[in-house]
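Q: Got a model open here and I'd like to talk it through. Can we start with the loops?

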Amino acid sequence: MDNHQLRTIGWKPCFEQQLAPAVLGTVVIARVSAHYGGQVLLLGAAGEFRIPVQLAESAGEIAVGDWLVLTATDHRAVQRLERQTLLFRKASGEEPKRQVFAANIDTIFIVSSCNEDFNLSRFERYLALTLQAGATPVVVLTKVDLCSDPAALRRQVEQVHSGLLVETLDARQSNQTDALVAWCGPGQTVALLGSSGVGKSTLANSLGARNLATAEIREKDGKGRHTTTTRSLHLLPSGGVLVDNPGIRELQLPACEEGLREVFDDVVQIAAGCRFSNCSHDGDAGCAVMAAIKSGDLDQRRFDSFQKLSAEQAHNSRTLAERRELDQRNGRYFKSVLKDRRRLREVQ
Ligand SMILES: Nc1nc2c(ncn2[C@@H]2O[C@H](COP(=O)(O)OP(=O)(O)OP(=O)(O)O)[C@@H](O)[C@H]2O)c(=O)[nH]1
Ligand SMILES: [Mg+2]
Ligand SMILES: [Zn+2]
């Protein structure tokens, strides 16, 4: 196994430790680079290759960024290495399912433009997801050239979470990406997350990914055209790996209570001072939250955002849990039906 080559695509000791020594030499290690309908594009020590999705998924569902252990002979996945981080949302639509975006991402660039797309509550939403995933968030504000006071926007975003890193740039200029290159060094995997048209693929190109398609946003509403349609992994000249994502239309929070509590640690701390532990923060006596809003210590917008995202998270985590339980019950039911059928066949 050529470890040096694998390290250039994000291989780390924590993955190596998961391999049984006996299998070394008899297997191929590869990283999921893209998913195209029936085919999965993989990156290994010897370069890119494709395998049918059934072979790739024979050790479980896969996501871009996953590490697979494949048989050397027919490239069937025998193990999906344990994920260090996992970025997912609740799948859109009524169905209570989660949708995995990407696995084993170290840093997430939360990309927003300084113009129409700028929205503090949206940052809070993305941030909760990033922290829940176990990745490091960096906010990237693009289109500074179209904004009269980017520094003011930057200060607003910095207040969303203490210590949050925020970079502002013209994503078309590669000489402005220096601050971001620090996150894209050897062995590092970075993913771009944001609405359509904010400049994710433009930024990827400026960081040195190869010629990703970009397109002008629509004039009438400033929205993007969903130019990027598949998630894909790209090698950067700085040594890291970058995942460009399609623009996100709707980001429904999945079960992510910890991520939310981390984003809103200030609100959680204030609420701990309410007289009653089940305070509704809506006129109850001794409510520390209401007092903080009145005194100006807590922003009404931030509190409303906390309430909204908490309710959404609680609702979705309930429905996801119900779905899991149903799946398990169905699984048990089908297994018992199969067992009964086998028994019948044996008796006949
Ligand atoms: N003026 C200016 N234009 C930018 C900047 N960044 C991106 N653009 C333009 O914005 C448009 C959309 O950029 P894309 O890179 O395609 O956006 P995207 O986020 O990848 O969009 P999707 O693939 O649809 O999700 C293009 O016309 C870019 O040239 C910037 O910093 N300044
Ligand atoms: Mg794009
Ligand atoms: Zn209260």
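Q: Where does H75 sit?
A: H75 is in the loop between β4 (67-71) and β5 (77-80). Strands here are DSSP E runs of at least two residues, helices are H or I runs of at least four, and both are numbered from the N terminus. This is a predicted model, where local features need pLDDT of at least 70, side-chain atom pairs count only at pLDDT 80 or more, and totals for chains, interfaces and linings use all residues. Residues are numbered from 1 along each chain as its sequence is written, while chains are lettered from A and ligands numbered from 1 in the order in which they are written.

Q: What's the phi of H75?
A: Positive, about 55 degrees, although H75 is not a glycine. Most residues other than glycine have a negative phi.

Q: Why does H75 count as partly exposed?
A: Because H75 has 19 C-beta neighbours inside 10 Å. A residue is buried if 20 or more other C-beta atoms lie within 10 Å of its own, exposed if 12 or fewer, and partly exposed in between, with C-beta atoms placed from the backbone.

Q: And K143, what's its phi?
A: K143 has a positive phi too, near 60 degrees, and K143 is a residue other than glycine. K143 lies in the loop between β9 (136-142) and α5 (150-158).

Q: Is K143 buried or exposed?
A: Buried, because 24 other C-beta atoms lie within 10 Å of K143.

Q: Switching to helices. How many residues of α4 are buried?
A: 11 of its 14, so α4 is mostly covered. Among them are F123, E124, R125 and Y126.

Q: What should α4 span?
A: Helix α4 (residues 120-133) should span 20 Å at 1.5 Å a residue, and its end C-alpha atoms are 20 Å apart, which agrees. The expected span is 1.5 Å times one less than the number of residues.

Q: What follows α4?
A: G134, with a positive phi near 90 degrees.

Q: Now strands. Which residues of β13 are buried on each side?
A: In strand β13 (residues 241-244), V241 and V243 are buried on one side and L242 and D244 on the other, so both faces are covered. In a regular strand the side chains alternate between the two faces of the sheet.

Q: Is the pairing of β11 and β13 parallel or antiparallel?
A: Strand β11 (residues 189-193) and β13 run parallel, joined by three bridges. Strands count as paired if DSSP finds at least two bridges between them. The partner of A191 in β13 is V243.

Q: How many bridges between β12 and β13?
A: Four, in the antiparallel sense, with strand β12 covering residues 232-235. S232 has D244 as its bridge partner in β13. The two strands form a hairpin with five residues between them, and G239 in that turn has a positive phi of about 105 degrees.

Q: What about ligand 1, how many residues surround it?
A: 26, and the closest are G199, S201, T214, T228 and G247. A residue is near a molecule if its C-beta atom, placed from the backbone, lies within 6 Å of it.

Q: Which helix gives the most to that shell?
A: Helix α7 (residues 200-206), with three residues.

Q: Last one, how is the chain divided into domains?
A: Domain 1 is 3-80, domain 2 is 86-244 and domain 3 is 257-329. Those bounds come from an automatic or database domain assignment. The C-alpha centres of domain 1 and domain 3 lie 40 Å apart.
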